[in-house]
Amino acid sequence: MHLFINRYLIYFFLALSSLGYGQAMIKGKIIESENGTALPDVIIINNDNQTKTFSLFDGTFQVLTEGTYLFKKDGYMSKPFKLKKNTFYVIQLNQNPSLLNEIIVQSNIIPKVLKTSTASLNLITTKDIQRSNNINFSHVLNRVPGIFMQSGALNTNRITIRGIGSRTDFGTSKIRAYFKDIPLTNGSGETTIEDFELASISSFEIVKGAVSSSYGAGLGGVIQLKPKNTLFNQTNINTEFSFGSFGLSKQVINLNFGSTKNSVNAIYSNTDSNGYRDNNNYTRQTFTFNTNHFLNAKNKLSFLTSYVDLKAYIPSSLNEDDFMNNPKKAAFTWGQAQGYEDSERAILGLSWQHDFNTKLIQHTSLFTSYRKAYEPRPFNILDESTWGIGLRTRLLGNTKWLNKKLKWTIGIELFKDLYKYKTIENLYKDFPIGTGSVKGNILTNFKEDRSYYNIFTESYLEVSKNTTLSLGLNLNKTAYKLDDKFPVSQVNPDQSGSYKYRNIVSPKLGVNHLAFKDISIFSSISHGFSPLSANETLLPNGQINNQLKPETGWNFEIGSRGMALKNKLRFQLSIYRLAIKNLLVSRRTDFDEFIGINAGKTRHNGLELDLNYNWLQTKTLKMTSFISYSLNNYKFKVFIDDNNDFSGNDLTGVPSNVLNAGLDINFNLGLYGHITHQHVGSMPITDSNSLYSNSYNLTHLKMGYLLSINKSLKVNVFMGINNIFDTHYASQILINATGFNGSAPRYYYPGNPTNYFTGCILNYIF
């Protein structure tokens with residue numbers, strides 16, 4: 001109470017002083033370096049007289065006199081800064097990795113301290129990203145319990161969260177992803193994040209389960225990518241050069257220019273790899289451009305664009321004999337056709353933030369995206385393009401209700417994309433071996449018009465000093481219109497049609513109770529859904545199946561997070577059940593033909609544990625470790641597919657358990673090292689559970705030396721080894737694969753054997 005009275009007395013006297021010294025007042029805003037979140041309640045100490053003031057809800061502050069001030073907040077590194085009159089400052093604070101529970105997160109739109117969140121929420125920081133070779137997303141995401149990313153190649157991946165998305169044959173679906181506020185999930189619910197440059201991402205915020213009303217109430221959850229933020233009051237250049245096994249080479253150039261109110265960050269990368277397997281070459285160039293402009297204390301504009309140019313050859317999956325005895329080979333037909341993916345992808349977003357006052361803020365983002373891809377496959381050639389446009393706008397408030405603190409948001413997301421695709425004959429068999437794919441006649445030609453809107457609201461009510469209640473609601477409306485542009489005949493019936501969901505209402509209720517100073521208990525009940533794709537709604541006769549229903553489910557969860565053992569141990573523990581009905585099954589009818597059916601219900605019961613321990617921290621040495629563990633008990637409660645009853649079987653394509661552990665060592669002299677270990681349990685490959693993959697263990701090592709040449713130049717030299725013990729394993733599984741024309745089913749994508757990487761990073765501050 002004493003602190004509360006002092007704080008508002010300071011605001012009162014500052015307000016009185018400003019009447020006479022309005023132009024002399026020094027004003028500014030305090031934000032987080034990682035993601036630009038406004039930081040309230042930062043302590044601002046005048047070094048000359050030790051007087052204190054505090055930042056407000058929107059991060060703004062004001063002081064009367066010039067001088068050096070110390071900016072302090074739990075969860076962040078303290079920062080001294082010299083302030084002068086008649087200037088508006090943007091002050092950025094860096095996260096303190098040892099106090100992550102105290103940092104501000106905004107994965108559900110409303111900024112809040114992590115330890116008070118009612119959702120199962122994990123952060124992947126810049127430090128976590130830098131543990132790996134900065135190439136493969138799976139090394140980063142698999143650090144989080146509950147997430148499992150399979151990676152058959154750099155461009156062939158599947159991400160599941162708590163088992164959601166495991167039945168998708170190719171790619172990732174049924175989870176949502178955003179790059180800042182720009183959706184990376186298309187109108188059919190499919191998501192691709194692995195094309196982005198890891199060096200352009202500062203952090204990930206991951207919400208697991210159907211608890212994110214503000215981001216579409218996806219069954220699996222939400223992955224939010226935070227772009228590398230611009231730095232104010234600093235100009236620097238960062239360059240990275242690395243190379244490694246299988247012809248790997250990579251270059252990254254990062255330029256930043258920052259003044260007191262404007263900042264610009266540009267990142268270019270070029271990655272090349274021959275790949276471990278035949279027909280496995282990979283080439284990618286990316287460009288990311290991010291700017292932030294504080295027009296004044298109340299208005300901020302942000303501009304974000306990302307461009308990816310990718311060409312990646314596809315070795316595809318292997319049968320068991322080839323997987324065991326000749327894993328380097330490509331699948332025979334894919335090798336003959338020299339199948340590949342050639343794509344260009346761009347996203348563009350403009351965001352405006354307006355602070356009406358210190359209690360009410362408005363965020364609006366306009367965005368557009370484009371993707372064009374050409375993919376020769378053995379069975380046909382896919383030529384496709386997608387253009388999307390959308391809007392997200394919301395109000396964020398901080399007020400009181402029944403004399404209790406209330407934070408709330410209300411908003412809407414509108415999205416529309418136009419997907420054009422056609423398949424073309426691949427005539428590679430008619431030409432000499434080595435020719436590769438050759439275009440023939442057009443086989444199909446479609447246009448999909450897809451749209452949805454989400455209306456959402458969330459609130460956090462501080463019902464007591466230690467208890468927070470969260471309420472959320474999402475209303476979704478999704479529609480598809482399919483236009484068959486191919487000439488109609490007896491062989492090719494007209495498949496044009498439309499499909500509209502009924503309105504889907506997804507509520508959420510969550511509670512967080514601070515049982516002790518640094519330990520909280522949280523629980524939630526929430527509803528979510530997964531959208532259908534237009535292809536899944538097509539029947540064998542070419543008509544739209546309007547009886548098909550989207551998967552829906554309820555998520556029940558209880559957990560705890562906090563600090564213990566004198567703040568040396570940081571932990572999060574969750575126990576959950578996800579109950580899904582209208583299970584959607586893709587039944588394969590030909591090489592490239594699938595139909596969707598609602599086949600039953602699944603139950604996802606699981607336990608997740610995340611531990612971080614600070615073993616030692618002295619002037620010369622810091623040693624920390626982490627352990628994350630997922631125990632998965634996922635079952636088909638009811639699953640009847642045609643004449644087959646798989647009820648009671650294990651859910652296909654999900655490991656029984658996953659363990660990740662690591663040790664980080666940092667010497668004050670600049671030497672550092674990271675060693676990580678991953679255990680992946682066996683997983684069912686077929687719905688009948690007649691075939692399981694083998695469990696496996698992987699160990700990776702990275703070490704380096706960080707040297708400060710002078711105040712302006714830093715050099716970071718590093719090297720690493722992946723899969724130290726040369727484990728033979730399947731890095732991705734194709735479930736329920738079918739062998740055609742007497743060939744054996746191709747279930748397995750071989751993982752890379754022992755491989756190395758090395759490189760150098762130069763950072764120069766002007």
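**Salt bridges and their surroundings**

Mentor: Glu458 is buried, with a relative accessible area of 1%. Because buried means under 20% relative accessible area, Lys508 also counts as buried, at 5% relative accessibility. The model discussed here is a predicted one. The side chains of Lys508 and Glu458 meet in a salt bridge, with N and O 2.7 Å apart. Lys508 belongs to strand E31 (residues 504-516) and Glu458 to strand E28 (residues 439-462), so this pair ties together parts that are 50 residues apart in sequence.

This pair is one of 25 salt bridges in the structure. Side chains of opposite charge can pair when their charged atoms come close. Another example joins Arg131 to Asp128 through their side chains, at 2.5 Å from N to O; both Arg131 and Asp128 are buried. There is also a network of salt bridges, which links Arg176, Asp181, Arg392, Arg394 and Glu413.

Lys250 forms a salt bridge with Glu197, and their closest N and O atoms are 2.6 Å apart. Lys250 lies in strand E20 (residues 248-258), whereas Glu197 lies in the loop between strand E16 (190-191) and strand E17 (201-208), so the pair ties together parts that are 53 residues apart in sequence. Lys250 and Glu197 are both buried.

The setting of Lys250 within E20 deserves attention. In a regular strand the side chains alternate between the two faces of the sheet. In E20, Lys250 belongs to the covered face, together with Leu248, Val252, Asn254, Asn256 and Gly258. The uncovered face of E20 consists of Ser249, Gln251, Ile253, Leu255 and Phe257.

E20 also has neighbours within its sheet. Strand E19 (residues 235-244) pairs with E20 in the antiparallel sense over 10 bridges, and Glu240 has Val252 of E20 as its bridge partner. The hairpin of E19 and E20 has three residues between the strands, and Phe246 takes a positive phi near 60° there. E20 is likewise joined by 10 bridges to strand E21 (residues 262-273), the two running antiparallel. Here Gln251 stands opposite Asn270 in E21. E20 and E21 form a hairpin too, with three residues between them.

Ile223 is, with Leu141 and Phe204, among the residues with the most contacts inside the largest nonpolar core, which has 28 residues. Helix H3 (137-141), strand E11 (147-153), strand E12 (156-161), strand E14 (176-179), E17 and strand E18 (221-227) each supply at least two residues of this core. A second, separate core has 24 residues, including Ile44, Tyr89, Leu121 and Leu123.

Finally, there is an open sheet of four strands in the order E3-E2-E5-E6, with antiparallel pairing. Strand E3 (52-54) and strand E6 (79-83) stand at the edges with a single partner strand each, so one side of each is left without a neighbour in the sheet. From one strand to the next, the twist averages 30°. Strand E2 (residues 43-46) and strand E5 (residues 67-72) run antiparallel and are joined by four bridges, and Ile43 stands opposite Lys72 in E5.

Terms used
Residues numbered from 1 in each chain as written. Predicted model: local features only at pLDDT ≥ 70, side-chain atom pairs only at ≥ 80, totals over all residues. Heavy atoms only, no water. Salt bridge = Lys/Arg side-chain N within 4 Å of Asp/Glu carboxyl O. Buried < 20%, exposed > 50% of the residue type's maximum accessible area, 1.4 Å probe, protein only. Pairing = 2+ DSSP bridges. Axes fitted to C-alpha atoms, helices over the stretch in contact; angles between N-to-C directions. Core = buried A, V, L, I, M, F, W, Y, C linked by side-chain atoms within 4.5 Å.
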